[in-house]
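Reader: I would like to learn how to read sheets and cavities in a protein model. Could you walk me through one?

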Amino acid sequence: MTYQHLSLLIGPLAAMWTLLSTTAASGDFQISDSDHKVVVTEDGRPVLTYNYGRMDPPEGLDAEKYWRSSYIYPVYDLAAENISEDFPSDHYHHRGIFWSWPECRVGDRKMDTWTLGGVRQVFEKWLYQEADADAAKLVAQNVWQFDDDP
């Protein structure tokens, strides 16, 4: 399996990730959406999952501190092995592939989206989803939101 073309436009600044193959591929990309997760497959093999709903941490961790949304996990290599982590024991705030900044301000208020310091990236809506023989494309509109915002 080779990833011929897969692009994701996500995040408040429309960050773009593109995986391009260096060899020809005869893949057939598919997208399935269930339980606030979009799974991308090629020829029936997993490529990645985009988590756009509230994802709570494993039992024993503070759910209000460590819940997250709008990130890619898991990500698979060409042998369909997971090459990413979510809630690793030494850095609970790490979450697959995510768009973040450790130091931001909204007016005078500090915003730390890296460590989930009272702010989250939250999914708003899908702008585009398409999969065919050559590519899978997902475009989501997300916002950064303080935990104490109504």
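Predicted model: local features only at pLDDT ≥ 70, side-chain atom pairs only at ≥ 80, totals over all residues.

Reader: Which residue of strand 5 is the bridge partner of V40?

Author: That partner is L48.

Reader: In what order do the strands of the open sheet lie?

Author: The sheet has 4 strands in the order 3-4-5-6, with antiparallel pairing. Strand 3 (29-34) and strand 6 (71-75) are at the edges with a single partner strand each, so one side of each has no neighbour in the sheet. From one strand to the next, the twist averages 20 degrees.

Reader: And how should I think about side chains along a strand?

Author: As a general idea, side chains in a regular strand alternate between the two faces of the sheet.

Reader: How many residues lie between strand 9 and strand 10 in their hairpin?

Author: There are 4 residues between them. Strand 9 (residues 119-131) and strand 10 (residues 136-146) run antiparallel and are joined by 11 bridges. Within this pair, Q121 has W144 in strand 10 as its bridge partner.

Reader: Now the cavities, please. How is empty space found?

Author: Rolling a probe the size of a water molecule over the atoms shows where empty space is left. Here the count is 1 cavity of 30 Å³ or more. The largest cavity holds about 60 Å³ of space.

Reader: Which residues line the largest cavity?

Author: Among them are R68, Y71, F98, W99 and R120, and the bridge partners Q121 and W144. By class, the lining has 5 nonpolar, 4 polar and 3 charged residues.

Key: Residues numbered from 1 in each chain as written. Heavy atoms only, no water. Pairing = 2+ DSSP bridges. Helix = DSSP H or I, 4+ residues; strand = E, 2+ residues; numbered from the N terminus. Axes fitted to C-alpha atoms, helices over the stretch in contact; angles between N-to-C directions. 1 Å grid on protein atoms, 1.4 Å probe; cavity = no way out; pocket = protein on both sides within 12 Å on 5 of 7 lines; lining within 4 Å. Points joined across faces, edges and corners; volume = space filled by probe spheres on them. Nonpolar A, V, L, I, M, F, W, Y, C, P; charged D, E, K, R; others polar.
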